[in-house]
Amino acid sequence: MNLFGNKTNRIQKKNVPDIQDGSFSANAFDVPFGSNCVRLSGCEWVAVGIIISALFYLGPILWERIEKFEPELDYRLPYELSNDYWLYNRYCRWACSQHETLVIGDSVIWGHYASEHNTLSHHLNEIAGRNRFANMGVDGIHPAALEGLLRYYGQAISEKNVILHLNPLWMSSSKHDLQTDKEFHFNHPGLVPQFVPKIPCYKVPYSKRMSAVVERCVAFFSWASHLKIAYFENMDLPTWTMEHPCENPLKAVSFVLRTSVSHNQNEHISWAQRGVPKEDFPWVRLETSLQWNFFQRSIDILRQRGNRVFVLVGPFNEHMLKGKSIDTYREIKNEIEAWLRREDIAYYIPPALPSEFYYDASHPMSEGYAMLAKQICENRPFGSDILWSGSNFAAPNRD
Amino acid sequence: MLFHTWSFALFFLIVYPTYLALKRTRFGLAWLLAASYFFYGCFNPLYLLLIFYSTLLDYIVVARMAKSRRRKIWLSISIVNNIGLMGFFKYGGFVTENLNVLLSSLGAAYAIPAPGILLPVGISFYTLQSVSYVIDYYRGNIERENSFIRHATFVSFFPRLVAGPIERAGNLLAQLQNRPAFSTKDISDGLSLFIVGLFKKVALADYMALYVDKVYAAPEQFQSPSLLLATFLFCWQIYFDFSGYTDMARGAARMMGLRLMLNFNNPYLATGLGDFWSRWHISLSSWFKDYVYIPLGGNRKGTFNTYRNMFLTMVLSGLWHGAAWTFVIWGAVHALGRFLTRELERTSFYKEKVPKIIKQLLVFVFVTFTWIFFRAESIIDAWVIVTRIFSSGLANPHCPLLALAFVFAVWSYQFVYESRIRWVLELRAVRIVILVLMVLYLSIFAASSEQPFIYIRF
């Protein structure tokens, strides 16, 4: 068997033109190009490349000039736009120019069971007497996704005061901690690391992972997602036209963004009143927790950008815990505190709120936020630092 | 790994520059072969055993044929092996199912267990290509390929591996041997082909699929307008899907300096069914013509035999598409249509008096009708669709107007392309604007579902 076949017999030329002068020209195998005229020369491709690059670069910039985005008092990213990272990026830039302190976190900060006028940032603003705190919470985001959000879409957050919230719920089980081997669909998959470090329950095809990487690296693609989320009900255009077969898609693009519609604001019944049973959470230890690891990375990112980071831990609904999970939770809390102290990061771990102020394991209700804001501001030096924005970095909280 | 995924983009970004660097060395082909096997292995590494076995056997068969007087025996071994493999993997379940129906109708208590084998992707394509190489050698049309690596690359060349075009040794193998001169024109042409194919698949075929899949999943729930529109859109979906794949395959190959044959030539502008089959899946049509229809006798032995040969060829072609009776019926209906149009085309009235546009529309309507059998999940479903088209109500079909607008835009483009005002489409500004719009649409609006190609199932 001649593997490389240096001296092969040539295919007989019954079906192909003859060789001339010992060399085969491309024309010898000429087959019709195609059945359309979309055939560009090299120069024309260069022209197309320039046009496309210009549109990719200018499209999102021009769009910002056309599309109205005027956040009102106590603005928070609308629930329906939680996946609109391009808008988050825009909101970050706006918030950084308007507010001194950004409150970043998940649905606890966003205020899943409170109206926008009853969130933590609102109450902090009330105490401060001015519009100092911006609600930068994103509903459903977890530390792994938050790290991606800050890394790729939160570049504008620099040289600011940042209250970074840690919700211990994300370490309350291996499922919340994304450590199950079984595939599990979690929120904001496009923000988590797609390849390294490996997230055990994240099992989407490589192609989708690459798509996520491209989207967060090329602003044009996240802008394209913004169009889908903001104007086409979070659907791509074909799917949207299936739902609205006779409507003109151009009319759907109104250039007016949805306002911050209150979500679940009528939920005023606490967990105990609803009869939610106490639970024995199978906590994940801090040293093996993925979510804790990502939370640490988020702090690093924020600090590297020159921000003053204040960590707020909880307050978790300890009334809901039973059995061993109470002790385990306290141990975890102590470990978190020790780490924050070691790293010289200002922090506050408030005591649990009264049981009737919780909707579930981690979400306070309106009254809970008011009390929490008060507790934060009364705590020294944490509270005084974030309220009055001292020039020196806050020392660790000492009891 | 499908052409319209980021995985393929990454794969090609690695394979292509390396191939260009190695092209003129002895490792160029080996690299192409390794890339092709990697590409195929991404679907399922076990498939590699099958394609390697098939390739090796045909390589040995031709080598033995070259030294043997009993060439026919070696030819038979190759054909039996290739068709046997395809039959086993593709038709095993179908045959078992039908035998079980037969046994049960005869009152037998025994049922043959279903083989439950996964159909290897692309087996129908590379098998036919490999067979054509052996037959061409047997007929003396080509000479033997001595290099196993070149032969294996010919069989497994990744752009055309899973859904064609079904290349002939006279074209692809000859190019692999002679390494035709490669220019920047190849890159720009390849890129043009690839983008058009990508647009056809992602922006058009997958869009049509949304409506078609909904209606064909439960045809009894839809009325005449929905069924008609779904069939109309499927007619275009399958064209966009398959010709889109082919364009991307040809584009990727062209960028490497290799020219694959044209597989689609605006088939819905055909004026007769013969014309349609010379424009639709050309590589398969010509394969069946050269290796089935002509060996059966072609049109040389009278009208009856011609029609018999035509019928057999069309039914076999239908069966090639899939192991189900719906495909057999699809082939048979096409054969009947072919008889009819062939006879019509012989009359001077049809030839001279009937306007071209009417002929085109007639062919289009007929072909669209036959797609019902191709797309339906079962014969019963096909029957339900046909009867409900004529007998159900006229409820609002809720078909997206944008999808219809896309179809009519493409159809109009094709009419202009084959008309005297084609020069309009050849204007530089028009070509550039069309391409920019396609790229923008793909980037902003297209669906991101990554639907597989229809023909990969075959």
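The quantity pLDDT is the predictor's confidence in each residue, on a scale from 0 to 100. The structure shown above is a predicted model, and in chain B the mean pLDDT is 90, with 98% of the residues of that chain reaching 70 or more. For the complex as a whole, the predictor gives an ipTM of 0.87 and a pTM of 0.88.

We can begin with chain A, which holds 13 helices and five strands. Of the 399 residues of chain A, 42% count as buried, and among the contacts in this chain between residues at least 6 apart in sequence, 75% join residues that are at least 24 apart.

The strands of chain A form an open sheet of five, and if you follow the sheet from one side to the other you meet them in the order S2-S1-S3-S4-S5, with parallel pairing. Because S2 and S5 (346–348) of chain A stand at the edges and have a single partner strand each, one side of each is left without a neighbour in the sheet. From one strand to the next, the twist averages 25°.

On one side, S1(A) pairs in the parallel sense with strand S2 (residues 133–135) of chain A over three bridges, and here Thr101(A) stands opposite Phe133(A). S1(A) also pairs in the parallel sense with strand S3 (residues 161–166) of chain A, this time over four bridges, and the bridge partner of Leu102(A) in S3(A) is Val162(A).

Helix H10 (residues 290–304) of chain A touches S3 and S4 of chain A, and its direction makes about 175° with that of S3(A).

Turning to chain B, we find it divided into domain 1 (6–179) and domain 2 (186–457), whose centres, taken over C-alpha atoms, are separated by 26 Å. Where these two domains of chain B meet, 23 residues of domain 1 are in contact with 22 residues of domain 2. On the domain 1 side, at least two residues each are supplied by H1, helix H4 (71–105), helix H5 (123–139), helix H7 (158–161) and H8 of chain B, and by class that side has 14 nonpolar, six polar and three charged residues.

Finally, the two chains can be considered together, for 69 residues of chain B are in contact with 57 residues of chain A. Several helices of chain B give two or more residues to this side, among them H1 (6–22), H8 (169–178), H18 (401–417) and H20 (428–444). Which helix provides the largest share of the side of chain B that touches chain A? That share, 11 residues, comes from H9(B). Sorted by class, the residues of chain B on this side divide into 36 nonpolar, 19 polar and 14 charged.

Key
Residues numbered from 1 in each chain as written. Chains lettered and ligands numbered in written order. Predicted model: local features only at pLDDT ≥ 70, side-chain atom pairs only at ≥ 80, totals over all residues. Contact = placed C-beta atoms within 7 Å. Nonpolar A, V, L, I, M, F, W, Y, C, P; charged D, E, K, R; others polar. Domains from an automatic or database assignment. Pairing = 2+ DSSP bridges. Buried ≥ 20, exposed ≤ 12 C-beta atoms within 10 Å, placed from the backbone. Axes fitted to C-alpha atoms, helices over the stretch in contact; angles between N-to-C directions.
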